[in-house]
Amino acid sequence: MATGRTHRPATRSRGIPEATVARLPLYLRALTALSERSVPTVSSEELAAAAGVNSAKLRKDFSYLGSYGTRGVGYDVEYLVYQISRELGLTQDWPVVIVGIGNLGAALANYGGFASRGFRVAALIDADPAMAGKPVAGIPVQHTDELEKIIKDNGVSIGVIATPAGAAQQVCDRLVAAGVTSILNFAPTVLSVPDGVDVRKVDLSIELQILAFHEQRKAGEETAAGDGALPAAHPRDDSADQGPDGDVPAVMPA
């Protein structure tokens, strides 16, 4: 079986914008749900609604893949599942290590969605000697002293960091030095990595703070409306956070 060490997704070489890449998992999730219901075809409007984007954006995204659908019929669901899975590199095995097996790391280890999406948890690693050998999700935890050997033996190119913030950069440096070229960072800190290493950051506290902002704004608008005044307009300026093709990249999908 192929590993992440020898195969890389073709998206960059084919010039697919990063914002489009960020939406592909959303399309795949919606298409997988349709496939599980044995739905043979889907229109761009239906699929766009299920993925939470507009249909024009979806058709543009699919044009990068060479998929244009059939007028009056729509898109073949099974073919699109295969095509997007192949583009994302999910038709092969990607061994992953999770470093930091606290509450969050243990929850990630127990997440059943990895295997069904082409990711195999090859090892769980923690710095606490007391954790060594303890099974989590059926996998014995290994000490960080073994990190480099584990990465080499399993051909790992994707690492997940779920350590406290203070340990994250050191763990990141060791992962990169051992050959890991893609990192998913759950630690509440910004990691410094060399060129050629991709980092995706997931910070739940930031997402909650953004939601709190929107809740506060909605409460203010309701108060103003209750006072008989029209709520102030809040024009959106996307120029500061747009992706390469003018779209805001999606947060890491579930």
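Which residues in α1 meet which residues in α3? In this predicted model, Thr20, Arg23, Leu24 and Tyr27 of α1 meet Lys57, Leu58, Asp61, Phe62, Tyr64 and Leu65 of α3. The residues of this contact divide into 6 nonpolar, 1 polar and 3 charged.

**Geometry of the helix pair**

Two packed helices are described by the angle between their axes and the distance between the axes. Helix α1 covers residues 18-36 and helix α3 covers residues 55-65. Their axes come within 11 Å and cross at roughly 105°. Angles of 65 to 115 degrees count as roughly perpendicular, and α1 and α3 are therefore roughly perpendicular to each other.

**The nonpolar cores**

The largest nonpolar core has 24 residues. Tyr27, Leu31, Val42, Leu47, Leu58, Phe62 and Ile84 touch the most other members. Two or more residues are given to this core by each of α1, α2 (44-51), α3 and α4 (77-88). The largest share, 8 residues, comes from α1. Tyr27 of α1 and both Leu58 and Phe62 of α3 also take part in the contact described above.

Leu31 touches Val42, Leu47, Val77, Leu80, Val81 and Ile84, leaving aside residues up to four places away in sequence. Another core, of 20 residues, lies apart from the largest one, and among its members are Leu147, Ile150, Val180 and Ala187.

**Phe186**

Where does Phe186 lie? Phe186 is in the loop between β8 (182-185) and β9 (198-201). Buried means under 20% relative accessible area; Phe186, with a relative accessible area of 17%, is therefore buried. Leaving aside residues up to four places away in sequence, Phe186 touches Leu104, Leu108, Val160, Ile161, Ala162 and Val202. Phe186 and Thr163 are 23 residues apart in sequence, and their C-alpha atoms are 7.6 Å apart in space.

**The chain as a whole**

The secondary structure of the protein chain comes to 9 helices and 9 strands. The table lists further values for the chain.

| Property of the protein chain | Value |
|---|---|
| Buried residues, as a share of the 254 residues | 39% |
| Contacts joining residues at least 24 apart, among contacts between residues at least 6 apart in sequence | 60% |

Methods: Residues are numbered from 1 along each chain as its sequence is written. This is a predicted model: local features need pLDDT of at least 70, side-chain atom pairs count only at pLDDT 80 or more; totals for chains, interfaces and linings use all residues. Side-chain values use heavy atoms; hydrogens and water are left out. Axes are lines fitted to C-alpha atoms, for helices over the stretch in contact, and angles run from 0 to 180 degrees between N-to-C directions. Helices (H or I, at least four residues) and strands (E, at least two) are DSSP runs, numbered from the N terminus. Angles under 35 degrees count as roughly parallel, over 145 as roughly antiparallel, 65 to 115 as roughly perpendicular and the rest as oblique. Contact means heavy atoms within 4.5 Å. Ala, Val, Leu, Ile, Met, Phe, Trp, Tyr, Cys and Pro count as nonpolar, Asp, Glu, Lys and Arg as charged, and the others, Gly among them, as polar. A nonpolar core is a set of buried Ala, Val, Leu, Ile, Met, Phe, Trp, Tyr and Cys residues joined through side-chain atoms within 4.5 Å. Buried means under 20% relative accessible area, exposed over 50%, partly exposed in between (1.4 Å probe, protein chains only).
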